[in-house]
Amino acid sequence: MTRFDPSLFESGYGIRFHRFQNLMPNRVHDILLVSSVYDSFIIEEDGRLDEGLIQEYLGLNLVHQPRMIRCFSGAEALERIRGGEEFGLVVTTMHLADMHALAFAREVRTTHRTLPLVLLTYDYKELKEVRKRHGTEDFDKVILWQGDYRLLLAVVKYVEDRLNVRSDTELIGVQSIIVIEDSVRFYSTFLPLIYTEVMRHSQAVLAESLNLSHRILRMKARPKVLLCETYEDAWNYFVSYHDNILGVISDIEFPRHGEPDPQAGFAFARAVRAWHPDVPVLLQSSDPANQELAEKIGASFIQKNSPFMLRELRRFVVEQLSFGDFVFRMPDGTEVGRARTLRDLEEELEKVPLECVLHHAQRNHFSCWLKARTEFWLAEQLRPRKVSDYEDPEEVRRDIISNLRDFRLRQQRGLVVDFDPEAFDPERSFARIGGGSLGGKGRGLAFLHRLIETYGINERFPEASISVPPVVVLGTKVFDRFLEDNGLQDFAIAEEDDEEIVRRFTEAPLPEDVTALLRAYLEKVDYPLAVRSSSLLEDSQHQPFAGVYETYMIPNHAPDLEERLRELLTAVRLVYASTFSRVAKTYTRATAYRLEEEKMAVVIQKLVGSAHGRRFYPDFAGVARSHNFYSRPPMRAEDGIANVALGLGTTVVEGGACVRLGPRSRGHVMQFASVEDSLEYSQRRFEGLPCRGEGGEGAPPGPAAFRLDEYDLSAAEEDGVLGLVASTYSAENDAVYDGISRPGVRIVTFAPILKLDVFPLARILEFLLQVGRWSMSASVEIEFAVNYSVPPGRRKEFRVLQMRPMVLDRGWEEVSTREVDPRRIVCESDHVLGNGLLSDIRDIVLVDLDRFHRSRTREVAVSITRLDHRLRGEERPYVLFGVGRWGSSDPWLGIPVTWDMICGARVIVESSFRDLKVTPSEGSHFFQNLASMRIGYFTVDGGEGTGFVDWDWLMGLPPHRVEGLCRHVRLEEPLTVRMDGRTGHGVILRP
């Protein structure tokens, strides 16, 4: 089997999001503020500091928010520090009640050499005097409080940046801004401004994020601000991270080699320019005469004494450090365009003059702007390329546009993104609307989407593209809001009338913001849609809830957008209503769950297929399983099995007539004993979505408005579809021939695909089942549909609609089934699902074979339902004996019950007809739910020698009750049921 690297599964395209999760490992969780009561109040500004912390962090969608802890004396603070409490930062004012701040710092350093310690002072003159006489070396930083609570926020970020710069830069190349300033007064003034702009820029970038997780991860990748007071500290930072420096903001005079150097800033700027000419540099000085020299070096200049210093500093940060829009300029500085997002950049590149593009490309402006936006991978793709590498200058433009478009589209692949009408790709995207869970089906589709994109599965078969159809999921929070806004929860739980639930739900409006987003979605898509349930519990391994909730298919072809919107909203509300249907309530009662715990997401998905006149359907669809419950030699259980049918897959999942094939054997499993049986019982009709006016428009808002139509095989032949899957019976020769080139009766056999390999169905299924089993570490079931009717030159479309783990009872209890008295055997089978010993069942429900006929299976279903309801009310489990396929949608092939009609049975026996061989109940939603409930299931086919049922003994028992065509027998002593899950053998023994 093909092997994959599991670590790749966590990777996005370009950005490896799992690496983003490891950013900023060192955070300031608790801040200890040591001050007098008065100073604490002043710093807090009557609560504004705490509010500022909350707003700053929650406003940026950051889950981490520092906590402020206050001490009003040095002794108390020292006791807490030495007592083992962990603080990420200690801030102290100059004058404490019981000691000077310098003494406090010395005491802290005796036991905590690396604890970040900051001195906060109000008086700059006093600070200068203290520094001159005593020094402040025990403090990591000294700040001058000027009444702006943002200064303390900046200090927190400064500490975190210093602690994380190395690891974050090495991990993904996080960018940094080097700030060189030794004046406490100046850096206390502009440090909050720089951080404010960094955060404002980060907030703007978040708007382009794919989802909440992406926003949080990108926020952690914001640029660092590295504040230095000496030349040596700054140069060490630059040498260490020179490829990841966004820019430099520097004073001109500061210490170098231990002494104040009036030319240090110029020297640093020249060194930076020599290494990286494109790194923006800003020099600051109180002496205006330094401006000329700064400009000669190629640096920007700000006069410190200017009344507009902060405004000019902000302009430099926004424009030169790429924190704002990308401004397209000609070499003379004329602005010719502006881009706010990646999409804007791509569009403007198409329009601006080539001279402008080359001007920016030669100076790495594109890669710098991208890095500032945390698009590191894309920036690195562009930066090594030089204009001189291209023979045609116009190719520079085309290459940049190609990279942007490819990145923007691929970035979404494999990810669940928040729905954005501007970014949504109608053919590739997987998006969500609203918070909460995606539900079981949504989770499975999201997993498939990631799996296919991560491992390039779409490219594996040249003949067919493999993907999940584009999806928008309404999260479960939308369901919660819908119920709450309309007061429906209590009503729906208590109400037993399905029609009344549907009426109330279809009259209730969805939230306005959700409706607006769905309108925007419909403006992007014009293809038919499947509106599918996706409850929290759906498709889980132990309670799949398969087929319990509803799916509706809508044509979405009306010329009026509002009409299409009404159609979609009605379908969504009907899915919500199915959460509280009688069937759903019955199923939930049989599980360990409560109905009020259930929540419903809704999957809105492109319907697979093509329009053929007034009907829409795929060429074929089916279900494949990696474990075959009914394998026959030479096939093995682990070889898997697939059921396929012409048209929509409802035929398969509802147990209708279909073709069974073994993916590994590259052939189908014959399911009829003779040509006569094939003629009479093979698939004769198929389902499709009507696309005509009378198919739904104008119908009352209910399930009937979204009905599917059934068509004869002649319709598929008329559409040019049947030849792919059919054979022809020639009455003249009493033989079946592959294809439909000759006159005769058409039979769906899939021979052209299986024998002539016109489409690699078996190979695709074999591969996907292997991948599914590997990725889920369990046997899997896959629903799929194939659109073969595509325009010339396009690959055929294989679309995966669902993947879920199969319910296999592997908790093997040692059970002996062979060493029994053969005279006691009522039923024996080599094809039994389940494991264990049951010895408490005294009730039997069986079909009355003396009066049964296959034309009366609907009557049998009604009789069984009544008996089941009575026995469940008495809390008496029973063994159910019947003939034909249980749960079949075709009443001629079996008894058309749904799971809720027989859910009181503890063991079910499925015996073959006397006059017809029918494939067992494998593959239907009905069967999946039986297996999930651990109901013993015996399949008996006397003709194949796989077991028997002692009908004579059963029919000879006196009935406790007769209900129509069914008999209820009550025994004095219990039956014994033995099931060996290891071998698939089981017996039912009489008392």
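Predicted model: local features only at pLDDT ≥ 70, side-chain atom pairs only at ≥ 80, totals over all residues.

Reader: How much space lies in the second largest pocket?

Author: About 690 Å³. On a 1 Å grid over the protein atoms alone, a pocket is an open set of points with protein on both sides within 12 Å along at least five of seven lines, whereas in a cavity a 1.4 Å probe fits but cannot get out. A volume is the space filled by probe spheres set on the points, which are joined across faces, edges and corners.

Reader: Which residues lie nearest the centre of that pocket?

Author: E319, Q320, S322, R329 and H365, out of 30 lining residues (those with an atom within 4 Å of a point). At least two lining residues each come from α13 (309-320), β13 (326-329), α15 (354-362) and α16 (365-372). Helices (H or I, at least four residues) and strands (E, at least two) are DSSP runs, numbered from the N terminus.

Reader: And how many cavities are there?

Author: Ten of 30 Å³ or more. The largest cavity holds about 130 Å³, and among its 13 lining residues A361, F366, L382, R385 and I400 lie nearest the centre.

Reader: Which element gives the largest share of that lining?

Author: α18, with three residues.

Definitions and conventions:
Residues numbered from 1 in each chain as written. Heavy atoms only, no water.
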